[in-house]
Every structure is written in C-alpha cells, then in structure tokens.
Amino acid sequence: MTHEDQVTLLEVKSLSGGYGKVPVLHGIDFAVFENEVVGILGHNGMGKSTLLKTAMGFLPATSGTVRFHGTEITSLPPNERAGLGIGYVPQGRGIFPQLTVRDNLRFAWHDYSNGSEEEVIDQILKDFPRLIPLLDREGGALSGGEQQLLALARCLMGDPEFLLLDEPTEGIQPSIIEEMSETLLKLREDRGLSILLVEQNFDFISDLSDRVLVLERGRITGELSRSDLTDQAKVDQFLGFGAARSTRASGGQVSRPAAAENKTSSDISPAPMPKRTDTDTAFSSQKPVVTNMTIKRPTLSQMREMAQRFGMSLSDEELKEYSEIMEPYIQSYDRLDAMPDNLPEVRYPRSPGHFPSLTENPLNAWYVKTDVKGAMDGPLRGKRIALKDTVCLAGVPMMNGSSIMEGYIPEIDATIVTRMLDAGGTIAGKAHCENFCLSGGSHTNAKGPIHNPWKRGYMAGGSSGGSAALVAAGEVDMAIAGDQGGSIRIPASNCGVYGMKPTHGLVPYSGVMPIEQTIDHVGPVTRTVADNALLLEVLAGEDGLDPRQYKPKTYRYTEALGRGVHGMRIGILKEGFGGETAEADVDQKVLAAAERFREMGARVEEVSIPEHHMAVDCWTAITLEGLQDHMMRGNSGGTNYRGLFVPSMMDHMAQWRNRPDELSHSLKTCMFIGEFFQEQYRGRFYGKAQNLMRKVNDHYKTALKQYDLLLMPTVPMKPQQIPPADCSISLYVQRAFEMIANTAPFNGGLPAMSIPCGLLEGLPIGMMLVGPNYGEMKIYQAAHAFEQSGDWQAM
C-alpha cells in the first residue's frame, strides 16, 4: 500500500523549536499514517526527545505546524492533545514511585477513557498480565522493566489511538524488552494503534517499525524502509557503527516477533537481519556467558580510536584479541544493566507541579511550582521551602539553569529534601539558578535572567539567585541554596536575606548536582536568623552517603539565639576591604555595621591575613580543573569515591557533548582553562592549589584562635545591572565572576554567613561573618544580636 492510499493521522510541517532561545529542531517534516509505527533513530542530543515533547505540547513550537486528523493542534496544551487521542510515555517513565501500581493506574483514568475506571483497569490488566500480582506494590519498588510496563499501561488508560514513546527500552532487561515488543504488536493489532517511537535499541525499533526516520542535529537526514532495516550497509550509511544499541548478540540470525497483518505495509514480509561480516562489527565471545547482551560491544574502529588516544601501536589482529579477552568482563556490565539500582526510598507523595506563568513569576525566580507536603508535625510545620534547582526532588523537573538538563526528572529525593519533609516542611517548588551554577550574577539561566526583588533589572546574585529572590519577596519562608564560590552568600547579600554556607560536609550534598567535591556546599537562606538556625538544625548531620562528610559536629543552633555579643572578639579582615572591585560606599556601610558590634559590647579590631588574596588563586585552580574533571568529563558523577550516584542525572548531563554550543559563556571559559591546565600541566596546579589552600586555612584558623569571628563585606560592590541579552562575551563573563573576592576563599571549608546591613541606592548590602570549623553557633549568636539591634534597612 502506498502512502497516497493511507489516511494521515499526524502531520508535522516545517516544525522548529527548542528550549527558550536555544533552537534544537530545525524545519522538521514528516507524517504518521493510521496503524503505522514510525521509529526515530539518532545519537544522543540530536533532538529526538525534544521532538516528542514538542509534538505533545510540553515545549512550544517556534514555527511550523502540527496537525492531528487534519486539525491543527500546534498551540494546544498537552491535556487537550491527550483528550484528542494522543498518549505520551516519557523517557524516565514518569510513574508515581510512592503510589501502588493500582493507584498509578487509577490516577491515569480520564472521563474520555472509553469506560468506567474499573472497566478500563480490567482491560489494561488483560493486556499487561505481569502487573496483576504487582497491583499493591509501590511503583518505586518495581524493577526498571516493570516500571516501563506500568508507564505504558498508564498511558493506555486514556484510550489513545496514537502513542508517543520515548526510549522505552532504556535500562530494561532483555526479557522485558521482548515482552514489551510483543505487547505493542498485539495492541497495534487489537486497537489499531499508531506509534511514533524514539529509540536507540536497533533490534527493538526494527522489530516494530514500518519505517525509521534518522534525526541528526535537529533535522531529518534520512529514512529507512522496513526492508532497508535488514540492509546493514544502508543502516551504517545513515547511522554509523555503534549509533544504536542492541539487545541481541551480533553475529547471529535475528527474526522479528510474530506480528499481526500490518495495514500500512502488508505487502512487506518481515526479513531476518543478515549476519554481519564486516571487520567493524561488534565483537562477541565464542562462549557467551549470558544469554542476552544488553550492552554495546566496542567495534574495531572504536578499539582503534581508543588505542590511538592511549598512544598505543596495535594491529587489528591484536585489537580483535583484546576484544575477545574483554568479553567476559563486559558481561559483568550486562548483568549490572539487568539489575535494579539501589537508590533511596521516596517517602512522600507529590504531583510533578507546574511551570508558572509570567504573572505568577515576575522575578523569573521560579522554575517549577509544587506543593509537596511532609509529615503532619515537626519543627518545620507550616514552613514553605524553595529548592535551588540543583536539588533532586523525585518526579519534578530539574534543569540546573541549562537547556541541556531541561527535561530531566530525577527519581530520588536528595537527603536534605527527605529531612525537611520529615520535619513537617512543604516543598513549594524549584528556584531558578545560574546555568550549571557557573556565575555569581543572575543573567545566565537558559530561561532568562533572575531579577532583584528590590530593583527590577538588577542582579539577584548567583548562582542561587532564585532561592534568595523568593525568600526576599516573601513567596517562601525558607530556601535551599548551593555554594561553590559564594553562591549562597552572594544572592543573600544582593537580596537582603540571611544566607549560611555551613562548614564543608556539615550538610549532606547527596542528591544535589555537584561541581567539585571539595568546594561543594549546600545551606539555608531565610528572612530571619532564627529561621536560618532552625533550618540548619534539620539539615545538618551525616547521612552515610556523602563522601564530603567526615564526622561533622552538629549543635542545636537555635540555642545560640539571644545570647548577645558582649565579650565576643570580632576581627575586621583588612584584606576584605579596598580590593580591585571594591566600592568605597560598600566598605563604609560594612564598617559602620561593625561599629554596632562594638556598641553592643564586642571587642572589634582590625586583623590582617595577607594570604586572603592567595586563596582566590587557589580556588581558581581547584574549581576550574576540578569542575572539568568531575562535572564535565565525569558527567556530574565522576569516580574514585563511595557515595550516592544518580545514574539518570549522569546520563542526561552527558548530552553536553552533543550540544556544547548551548553551554554558557562563563562555563565555556572555565572549561577552556580547566582543560588546558589538566592537559598541559598534568593536574600539578590543581594539586598545588589544594596544598596551598590548606596553608591559607591554617592562617584563617590562627586568626580564629585570637578572634571568634572574622568580618568583611560579602560582596565588595553593589548589585550590578543585568547585562543586555546581546552583550559581549567579555561583559557576560565579567558579570559572572567579578564579585567573588571575599566569598570564594571560604569555599576551602570554613562556615560563613551573609547578613543584610543596609541599603545603598535602594539595593541591599551584605556583611559576612566567618567562623572556625563547625563554628556556626558563634555566627548565629552574633548575627541574631545584630538583627535585633535595629532595622537593617534603616542602617
């Protein structure tokens, strides 16, 4: 049957779209006909998932049209498209892990589901008998394959006639992949389903598809017919070796599962995949230990490339021998791939939340709003808390300020999220942050700049700008922020709130997207000192999962409140004033605040620590080389430590390699420097910087034996204007890093807190107090006394 004889179900014309201002799809044209399965193949980062999200309405089209049954649906929201008969199963499954299988299905029933809730569930279970004994089991307790079957069953609860399936075999054991293939073929026969299928498993997509579209860098570059899929030369012409993974071992005959007559291609009979004889085929052991291979094997060309990268001179025959030697070890990866992961339990139910409209989000500080309620009672009862969008909140989108991470949905709660929910708090949403957190400004987020709540058009500070802005604007009571070079304290200073960077390792970082382990900190931002101390009490302490923690000392921080500062010794750090970026009026405002401590009975003196300036140089090498190694090469996971890994986050982060142009100018600058010094100087400056940072810390600690606290401006300048979108790269990067002179030195580990101490030109100024290791009690004692001494806005 030719296309002219078929009825068009979905028609896409000149479709373009992406994430904010970042284009991903470029003039896509294709159609799907009734009862047809169309596959989409391509490397990671080519736009496959973006295409499905745009077709479903989760992402807006910037141009072009989408028609369903001839009716234009380009501007319809996802729920209306679902009502028309389009179903969507996202990558990552999207089930509710805390709900039972039965309740997951019940939640997916709609009034257009072609039957009552009970009738539809009964019909679904006939198609998915594997779910019957699992009905009372929580979704999060299922294996990955069972979760994928549940996700597909949930989608079918809406009685769609057209399915959008995104990577359904990812992380699934082979037996369930085969079961899913057979189920989809049967559903196609029984229900007349049409399917648009994004996949990288070549066997799966070729079993199901009538034709396959090849997507490369947001454009369709080829089409493979059903017969083409059996022609390895044609497949390799479009995809290249290793572009798609395989469920089966290569080198053997492959036959398709039995299928019903196909309305769109009844004239084409299924053909077996021919045995590959090319020297670039994936190698397999002569004596396979496992029945099904779920992991790709390296091709000969890939082995050659690796050998060249290692500087080895090996013949093809030697490379083949190494491949045979490697096979039993790679089979360990097959078995690992088939096992469910060991991730923390998600304890509290929630919905995915919603992306706020412009009227709900005037500062552009929110990424997504939620209402995740914790325990009925506890110290945080009644407190609404925003999370920096680096913190995993299961089932809720997370993008870390970057278009590359947009679309990622973590399956776990970070340790600190569970602790806040256990304490009775409510998670009100995720706050925008800077693009991969590489900025102390608030202008690099892929969704646009975050505005200062005191003066629109000015920096809220970064990288945790959304967290501080929401607290300052009164939209939440508390927020979580992260800090690698000042990212808690800078926005706290700019927005006039209290931001504590605790001692390194006091608060577990598990489940928070990292940059470099030795500088990663996470902590509280609040409108009052009392709330800050209360939240830190909930957050602090070991979790057994974070390698940054080394027997942290915890206290009842609220007990520091009300003690006053009489007799305290406070050292005004001479080197914290008058630097290259310092503004005289900011210095004077902070010195005036220091006088208040003297008036309250503290001993306030100037102290000199010349090594304070050296600390920024140490921080620079540690951060730039460390982030290149851990965050970029290591995909925000890395190796060589025990702790909680989030493989789904690492998989998503890895997409930066195919989309490097979307990285921010500030991150690109850091990458160039980090890569150069790692490659040319073998990491020696990273090591030297870590050695010297210990020396700097020793000087701080010596001063902190003479004084209880050190005092200086948090940020040496007033909040700057947000640069225009078309500003030069130089100005963009300058605005990202110009304010870190006093904050970055204390990412060597000491606790530091920004305290609002006055206004200049209508914008807040922050004073920073630094204490000894685990000296948060002293900081809270002084901060609370200062807060009680008068209205900081009138100082």
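**Cysteines, burial and overall form of a predicted chain**

Colleague: How many disulfides does a search of the whole structure find?

Modeller: This is a predicted model, in which local features need pLDDT of at least 70, side-chain atom pairs count only at pLDDT 80 or more, and totals for chains, interfaces and linings use all residues. Residues are numbered from 1 along each chain as its sequence is written, and side-chain values use heavy atoms, with hydrogens and water left out. A disulfide is taken as a pair of cysteine sulfur atoms within 2.5 Å. Over the whole structure, the number of disulfides found is zero.

Colleague: Is Cys 392 buried or exposed?

Modeller: Buried means under 20% relative accessible area, exposed over 50%, and partly exposed in between (1.4 Å probe, protein chains only). Cys 155, at 13% relative accessibility, counts as buried. Cys 392 has a relative accessible area of 0%, so this residue is buried.

Colleague: What radius of gyration does the chain have?

Modeller: The radius is taken over C-alpha atoms, and the globule rule is 2.2 Å times the number of residues to the power 0.38. For 795 residues, a compact globule would have a value near 28 Å, which agrees with that of the chain, 28 Å.

Colleague: What percentage of the residues of the chain count as buried?

Modeller: The C-alpha atoms fill a box of roughly 90 × 65 × 50 Å along the principal axes. Of the 795 residues, the share that counts as buried is 58%.
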